[in-house]
Amino acid sequence: MEQLDKMLRLFSNTHGVSGYESNVRQLLEEKLKPYSDEIRTDKLGNLIAIRKRGGPSVMIAAHMDEIGLMCKYVDEKGFVYFVKLGGWFDQTLHSQRVILHTEKGDIYGVIGAKPPHAMKEEEKKKPVNAEDMFIDIGAKDEKDAQDLGVIPGVTVTLDRQYTSLANNRVTGKCFDDRAGIVMMIEAMRLIHERNIDATVFAVGTVQEEVGLKGARTSAFGLDPDVSLVSEVTVSGDHPGIEKKHSTIELSKGPAITILDAGGRGLIATENVVKWLKETAKEFDIQIQLDVAEGGTTDATAIHLTKCGIPSSVISIPSRYIHSPVEVIDLEDLQKGAELLARAVETVSKHF
Ligand SMILES: [Zn+2]
């Protein structure tokens with residue numbers, strides 16, 4: 001558990017918005033190298049680590065990108081306007097501290113907006129949209145901001161350090177999908193340690209949060225026999241959300257996706273569901289079954305590649321997903337890695 005805690009801290013505190021995953025990729029390459037026979041980065045930036053053995057090939061995919069922002073323009077007073085990368089709930093961005101990753105180095109900023117004192121009573125009742133927010137880096141004017149390296153295209157991430165809560169539960173930014181990245185690394189470690197005879201493509205994908213892009217191209221190139229995506233999923237066990245919105249709970253083990261986005265994203269093929277259920281039963285791993293209305297994952301793009309690739313998702317329940325205070329249980333992560341590794345072990349019986 002300590003090792004997973006350390007690893008997730010490292011990945012959560014590393015920054016990489018969609019299209020700018022190089023820091024995450026570098027770290028992932030270093031971690032996967034000991035368990036791979038071949039490792040490469042493809043033309044779009046996906047990291048592909050290959051373990052060559054017999055049997056059916058399994059693609060494990062976890063996306064390297066996190067939701068973030070990108071600088072759009074700086075006004076004459078030095079305030080920075082931005083576009084959102086990925087599915088932000090605007091209220092989450094209000095009053096956050098951020099890091100701007102400029103060519104000259106990282107600098108801090110805060111997301112400002114109109115203070116309540118200047119609002120009419122009616123205005124106070126309404127949510128503030130991201131388009132009415134801006135980043136204040138402390139610059140005195142446009143030139144000052146430019147001199148600091150803040151120009152269009154500079155990427156921005158939230159400034160939030162990983163921290164521990166009670167009961168092996170931890171909180172931080174971008175557990176979506178760095179927790180999935182760590183789960184994939186841990187699964188590869190187990191596969192290597194147990195000397196499992198299976199061919200695995202472990203892929204760190206790019207640009208998932210903006211349209212499942214890297215998964216699409218990497219799956220096309222690799223054409224695996226079957227695929228499992230390593231992800232997080234919405235936990236429905238806290239105030240404000242009902243069982244009918246999500247039956248998934250923290251600390252009850254990894255979830256396997258039966259269906260997401262109401263069937264418009266992924267419907268896992270019956271043989272994949274059977275494989276995962278039987279494997280979990282055989283190795284006594286508690287799982288949860290995820291039937292979700294909203295959201296989707298890389299598996300949606302992967303399963304429609306070429307002539308079709310049977311796919312599902314193994315995910316860690318996460319509270320407050322797409323916020324800088326996501327909460328997961330490290331034990332769920334560990335069990336998810338165990339399920340991934342065991343699934344690779346049993347794949348030849350099913351495909
Ligand atoms: Zn994700």
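Predicted model: local features only at pLDDT ≥ 70, side-chain atom pairs only at ≥ 80, totals over all residues.
**Backbone features**

- Asp 223 also has a positive phi while not being glycine; the value is near 45 degrees.
- The loop that holds Asp 223 runs between helix H7 (213-222) and strand E13 (226-234).
- Asp 223 has 13 C-beta neighbours inside 10 Å and therefore counts as partly exposed, since the exposed class ends at 12 or fewer.
- The peptide bond between Asp 176 and Asp 177 is cis, with omega at about 15 degrees.
- Of this pair, Asp 177 is placed in helix H6, which covers residues 175-193.

**Strand E13 and its partners**

- E13 is largely enclosed by the rest of the structure, because 9 of its 9 residues are buried.
- Strand E3 (residues 57-63) is joined to E13 by 4 bridges, and the two run parallel.
- Within this pairing, Ser 227 of E13 has Met 59 standing opposite.
- E13 also pairs with strand E16 (residues 311-318), again in the parallel sense, over 8 bridges.
- Val 232 has Ile 316 as its bridge partner in E16.

**The β-α-β unit**

- Strand E14 (residues 255-259) pairs with strand E15 (residues 288-291) in the parallel sense, and 4 bridges are found between them.
- Together with helix H8 (residues 270-282), strands E14 and E15 make a β-α-β unit that is right-handed.

**The open antiparallel sheet**

- Three strands form an open sheet in the order E10-E11-E17, and their pairing is antiparallel.
- Strand E10 (163-164) and strand E17 (326-329) are the edge strands, each pairing on one side only.
- The antiparallel link from E10 to strand E11 (residues 169-172) consists of 2 bridges.
- Opposite Ser 164 stands Val 170 in E11.

**Leu 27 in helix H2**

- Leu 27 is located in helix H2, which spans residues 22-32.
- This leucine counts as buried because it has 21 C-beta neighbours inside 10 Å, where 20 or more is the requirement.
- When neighbours within four places in sequence are left aside, the contacts of Leu 27 are Leu 10, Phe 11 and Thr 14.
- For Leu 27 and Thr 14, the C-alpha to C-alpha distance is 8.9 Å, and the sequence separation is 13 residues.

**Domains and their contact**

- The protein is divided into two parts: domain 1 comprises 2-66 + 173-349, and domain 2 comprises 68-158.
- The centres of domain 1 and domain 2, taken over C-alpha atoms, are separated by 32 Å.
- Contact between the domains involves 11 residues of domain 1 and 13 residues of domain 2.
- On the side of domain 1 that touches domain 2, the residue classes are 4 nonpolar, 4 polar and 3 charged.

**Overall dimensions and composition**

- The secondary structure of the protein amounts to 10 helices and 17 strands.
- The radius of gyration is 21 Å, which agrees with the value near 20 Å that a compact globule of 351 residues would have.
- Along the principal axes, the C-alpha trace spans about 65 × 45 × 40 Å.
- Of the 351 residues, 50% are buried.
- Considering contacts between residues at least 6 apart in sequence, 75% join residues at least 24 apart.

Definitions and conventions
Residues numbered from 1 in each chain as written. Pairing = 2+ DSSP bridges. Right-handed = clockwise from strand over helix to strand, strands pointing away. Domains from an automatic or database assignment. Contact = placed C-beta atoms within 7 Å. Nonpolar A, V, L, I, M, F, W, Y, C, P; charged D, E, K, R; others polar. Rg over C-alpha atoms; globule rule 2.2 N^0.38 Å.
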